[in-house]
Amino acid sequence: CAECCAAANTQGILPDTNDCSDKLRMYKVVVPDSTFTCIFATSSDIISCPEIMKWNGWGYSDSRFLFNKKGQAEFTGKRYRLSGMILPSLKDWFEGTFGASLQHKSPATVSAIYIYFFNAVQPPTLNEAFVEDLKSVGIPFSHDAEDRVFRAHGHCLHEIFALREGKVGRVPDLVVWPNCHNDVVKIVELACKHSVCLIPYGGGTSVSSALECPPEETRSIVSLDTSQMNRILWIDEKNLTAHVEAGIIGQDLERLLNENGYCTGHEPDSMEFSSLGGWVATRASGMKKNIYGNIEDLVVHIKMVTPRGVIEKSCLGPRMSTGPDIHHFIMGSEGTLGVVTEVTMKIRPMPEYQKYGSVVFPNFEQGVACLREVARQRCAPASIRLMDNEQFQFGHALKPQVSSIFTSFLDGLKKFYITKFKGFDPHHLCVATLLFEGNREKVLQHEKQVYDIAAKFGGLAAGEDNGQRGYMLTFVIAYLRDLGMDYYVIGESFETSVPWDRVLDICRNVKERIIRECKERGVQFPPLSTCRVTQTYDAGACVYFYFAFNYRGLSDPVHVYERVEHAAREEILANGGSLSHHHGVGKLRKEWMRETLSNVGMGMLKSVKDYVDPNNIFGNRNLL
Amino acid sequence: MAAKPPYSHRDPMLKKRDDFEDILEERRNSSDLRYALKCYTPVVYKGVTPNAASLLKTTVLQSDQLHYVVDQLSKETGVAADVIQEEASAILEEMAHRQQLSTVRFFAFTLSKAFKALFRSIHVNEEGIQRLQQAIQEHPVVLLPSHRSYMDFLLMSYILYTYDLVLPVIAAGMDFMGMKFVGEMLRMSGAFFIRRSFGGDKLYWTVFSEYVKTMLRNGMAPVEFFLEGTRSRTSKSLTPKLGLLNIVMDPFFKGEVFDVSLVPVSISYERILEETLYARELLGVPKPKESTSGLFKARKVLSEDYGSIHVYFGQPVSVRSLAQGKVNRCHFNLMPRHIPRRPSDETQCFVNDSAYSLVRAQEENMVLKPWVLLASLLLQNQSQGLLLDELTEQAVWLRGLSREYGAFLNWPDHMAPSEVVSSSLSLHRDLVKISGGRVQLALGGQAGPRQPCSSPITEEELMNQAVVVLSCTSYRNQALHVFLRPALLASAIHIATSAKKEEVYNSFSFLRNMLSNEFILCPGATLQDFEEACYLLGKTGALQMSQQEMQVTDSGQKTVNFLTAMLDPFLQGYQVVCRYLCEEATEALTEKQFIPAIRTFIVRLILAGSLRYYELLSSDLQKNALAALLRLGAIRKIKVADNVTLKVNRLMVNSLEDTLGGKLPTQKAVAARL
Ligand SMILES: Cc1cc2nc3c(=O)[nH]c(=O)nc-3n(C[C@H](O)[C@H](O)[C@H](O)COP(=O)(O)OP(=O)(O)OC[C@H]3O[C@@H](n4cnc5c(N)ncnc54)[C@H](O)[C@@H]3O)c2cc1C
């Protein structure tokens, strides 16, 4: 650990210190105003921070949507551009789309107090010997109910819904906070020695039930929280790589690199809260993958601690032909093989110029045709996303009251132009949002190329603002689910990847299937069933579905929700879509793994697991 | 044959059916011209592609599917791709419909006149129409009418026009193209034409299937075709053809549409226009080539009374729900969807099962007129005939039985049975004669008064009489599906060597297998059919069943006799075919010679007085028997030069004959097959 600190020091990243035991203070120095920063106790009793993060919803406690006394929607807090703004049309859209009403509230029934003070949480099953040994090696840990509950879930609908109702299932018995790679090695050794189940925990943004504790697990379950392993250990400007601890959170990583003039360019929508280790463990994908690549393109070297020992490659060569790439056993392993502790990843100089854009198409078909052509010509901007008509309308509903960046007067004009002059039907048109990055001249050139292609498919440039707002909304959209849940509306998103020729078919069929299933399962109001194409590839695209419905009158809404999502996934598979493009499998999608990988494929993965972790120390039971 | 729970939950009597509405009534009370010119604004499929109709041909010609096959053919044959593409374009020209509203209006007008002249009423179930309208908006729709008459598809379009529904495009046989003017008129009313046989012609197949699929995918109009492939000359449903059904299901399998709705439609005619025409055809009087003048020679037809028509639009069947758990759509995940592929076994099996259940759905909703029952009774009493009172009494009994079995019987209950009987008889006066209070089939021919039941002396006389008998059987056949399963059981009990349930089941299974080219019997559903038959016979008290045995009750004798008599001609027919093959057929018998030869054989037997069923002269029965024997491997086809000869396994044919006649236990026949 001392070496890494030293190494980091030479890069000028870490403040001058050679004592890693003073880690906590140091952390604060490194990221003084990190919005995710937890409040540390000075002792080893580290308490995470419900004051800053919601315990039963998405994101920061201070940021949330609500309907104010006048019945207008409002986004609280100061963190986002939308913060503090009034959204005048959201109410009508909300009530109209879901048949919901502000009169019918379904607030979270339970406050945190209940959970922690009224024994809603089972007392921990502690492995005393393990705890003793932990103490002796000086690794901080906690068995406070609050800490345990916080790390017992990701952000699947059923997980959040249960919390809102005060229902807590099996939670970890203990949380440990390793400081560095060596700490992890020690913890894993102890876990093996005392037969303890370990579940790595990064940012907790999983949407695949990956963090859920298997209820059938009888051993003591220890959540291994990587949040303290959050330093950039070195930056290599010659090779444009950085060596980073895996617990670092996306926004911190970007900010720290930015300070040095670099970026990774890896921006999943969850980057405010998800961790580097989590990305590696789930094969994450970032919005700007067209320039920077997905996580598998970004990593150069990975270090992982397994029950068998540490796995890593011997050099930093950019590509190797040394048999199957062992990185690919690690990436996507979802915490079943070990803990990713350090990652060397590619970095890029920060782009000199960024420009948003948007294009309106007369219909979704034309939009998809355009994206396909852009992919064919391999000229996709950093990001290009196509929303269907429902999402376009939704986007409109999120327009804030007058404000400089939102130039609603012009927008109004534009809408007029689109709907009246060009004969676009407001119930069919759809919009693509674009983000260009790079050298200014090239960006402008690139922009022209893309708009020219769009024009061939009837696309009209619809301005930077629309584009920018589109991307900003991706960060606040997760907050909207909490608002819905206050008014009997539940929902979720899920994704897939699919060959180009099936994009339209899969979109239509899955959306329709959702509507059908809702009806058949007694949902009283038509659901919101919408999609967008979020990534383009040479051979296909990533499609994202949003689905939400009003659950008034249903006795078990979560069950209904799960059945519908299940049906939707079957539909996806029947239409040639993949089980997952980037969310991963976790426990939510396990049942389809065998048909996805073939028997032999499953056998291969199993034998790796059996070799690496014969006693199932990493017992979260994801994937297999 | 585990005992399943009784069938109470699917008691055929509880089947709920819609009410009918006569659409001619309004025609009789208001202007046909105004009707033909009415404002016609049908609702369309919600996902309809704009300009689909005008782009149809281009879409087909530019489809990946066609390009792929054109390229492939070009590589195989060395013919330039654009030449083949031209050819495809010509095929499409020959095939495509050119529906236009003006022609439709013309038909609306002329058909109104014609229908009013021909028919008393055209009854349609309006709830079915409403369901159809709903279905049309939701998903691409395929209309699957039964096929008994040339009238069928004009009638269908007429009804849809009347109810302001989107007019269908109809797959029609090329035979119509012979009639130039009519052919073109039909084309303009929405028919498209397919060659009768294009077996290995890949290009033709591709153009054709792409054409149909494009129309479905675009959802511009319902596609209509006849599952049975051709008009049934016997009024029995025909074994479904799978080609088109495969094509219309394909877009669903490939995820190109969310779902496809299949709507079985049952069209029942009280009197079939082509009645005697069909009988002649079946007897081997060559089919008159369909020509315009031929159709119009039917002028005389216009002065006759053809009673009423019932058209029942069945419950739309979702291909998606049908396929649930039976077809794995992932099958198409690993290859581009435009590359032609044989359907998987699973898919083929599914399409086949679906086809059968759709034909059964058609059968179930066929309206039966009292005459159908009368014809059945008269055929069973050919020699003596029946006294009018007797006939009425029996008909009332049979009415009860058929209702118990779930028949969709249109018997006017408000009329006295005797009235019902006499009005039925009068509508079919060509087929019956009443003398001295005795009702009989009109077998006398034109040759003045003859002794009732006199055997024919000349072959010509025989044929004339057979025309009447076959016309009559075509009515009886309408009711066959109602009685089929119990009749198979009754016959099985009859030929089984003991009353052991096991034994009876074996016989049942044997008969069912033997006759599965003759009737609509879903492959693989033997047990289900057996249980259904047991249930029906048991429920009417005709059968007593213990754990081991099945016994016909005294009171059930009448039912069982009736049922056995119903199947008897078929069983006799198959035996005669077997006998012919064993006794008379030479090594050199070709497939082509089979029908004339067997006909001669049967004529001889009848004239000699050793065979009494004239209906064995029906080439339909003969062909079906041959097909069954081929299927069972008792005959093999051998290609010799240009001819296909039939190689007979005499031992096996012989044992099949004996088993059919109840002379050999079923076990043996089964053994002989091996
Ligand atoms: C609103 C929202 C938006 C999202 N957008 C995106 C997106 O754009 N792109 C995308 O790819 N995903 C997205 N996700 C999914 C999620 O953010 C990713 O799966 C992310 O990679 C998870 O990282 P995490 O640090 O939160 O991991 P966690 O949720 O803490 O853990 C996820 C899994 O990884 C394992 N794990 C975590 N850290 C380690 C480690 N160091 N070593 C070994 N195993 C580990 C855990 O055991 C668990 O099985 C989104 C989720 C939400 C809620």
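Let us start at a meeting point of two chains: the side chains of B:Arg320 and A:Glu571 form a salt bridge, with N and O 2.7 Å apart. A salt bridge here is a side-chain nitrogen of Lys or Arg within 4 Å of a carboxyl oxygen of Asp or Glu. Before going on, please note that this is a predicted model, in which local features need pLDDT of at least 70 and side-chain atom pairs count only at pLDDT 80 or more, while totals for chains, interfaces and linings use all residues. Residues are numbered from 1 along each chain as its sequence is written, chains are lettered from A and ligands numbered from 1 in the order in which they are written, and side-chain values use heavy atoms, with hydrogens and water left out.

Across the interface of chain A and chain B the rule finds six salt bridges. Helix H19 (503-520) and helix H20 (557-574) of chain A each supply at least two residues to the side of chain A that touches chain B. H19(A) gives the largest share of that side, with six residues. Helices are DSSP runs of H or I with at least four residues, strands are runs of E with at least two, and both are numbered from the N terminus. By class, the side of chain A that touches chain B has eight charged, three polar and two nonpolar residues. In this scheme Asp, Glu, Lys and Arg are charged, Ala, Val, Leu, Ile, Met, Phe, Trp, Tyr, Cys and Pro are nonpolar, and the others, Gly among them, are polar.

How much area is buried between chain A and chain B? The value is about 1,200 Å², of which carbon and sulfur atoms give 34%. Buried area is the accessible area (1.4 Å probe) that two parts lose on being put together, summed over both. In chain A, the residues that lose the most area to chain B are A:Arg502, A:Glu512 and A:Arg516, together 37% of what that side buries. The contact draws 13 residues from chain A and 14 residues from chain B, where contact means heavy atoms within 4.5 Å. Between the two chains, 15 residue pairs are in polar contact, both residues being at pLDDT 80 or more. A polar contact is a pair of N or O atoms within 3.5 Å; within protein, one must be able to donate a hydrogen and the other to accept it, and residues adjacent in sequence count only if both atoms are side-chain atoms.

Now look along helix H19 of chain A, where A:Arg513 and A:Glu517 lie four residues apart, about one turn of the helix. These two form a salt bridge, their closest N and O atoms being 2.9 Å apart. A:Arg513 counts as buried because its relative accessibility is 11%, and A:Glu517 is buried too, at 7%. Buried means under 20% relative accessible area, exposed over 50%, and partly exposed in between (1.4 Å probe, protein chains only).

Chain B has a salt bridge of its own to visit, between the side chains of B:Glu304 and B:Arg271 (3.0 Å, N to O). This pair links distant parts of the chain, 33 residues apart: B:Glu304 sits in the loop between helix H14 (299-302) and strand E8 (308-313), and B:Arg271 in the loop between strand E7 (261-269) and helix H12 (275-283). B:Glu304 is partly exposed at 22% relative accessibility, whereas B:Arg271 is buried at 7%. Returning to where we began, salt bridges that share partners join A:Arg513, A:Glu517, A:Arg521, A:Glu571, B:Arg320 and B:Arg329 into one network.

Further inside chain A, UniProt places the feature "binding site" at A:Arg481, in an unreviewed entry. UniProt positions follow the numbering used here, feature names are shortened, and annotations may be inferred rather than shown by experiment. A:Arg481 belongs to helix H18 (residues 464-486) and counts as buried at 18% relative accessibility. The side chain of A:Arg481 meets that of A:Glu492 in a salt bridge (2.6 Å, N to O). That pair links distant parts of the chain, eleven residues apart, with A:Glu492 in strand E19 (residues 489-499).

Our last stop is A:Glu342 in strand E13 (residues 339-346) of chain A. A:Glu342 is buried, with a relative accessible area of 5%, and its side chain makes a polar contact with the side chain of A:His243 (2.8 Å).
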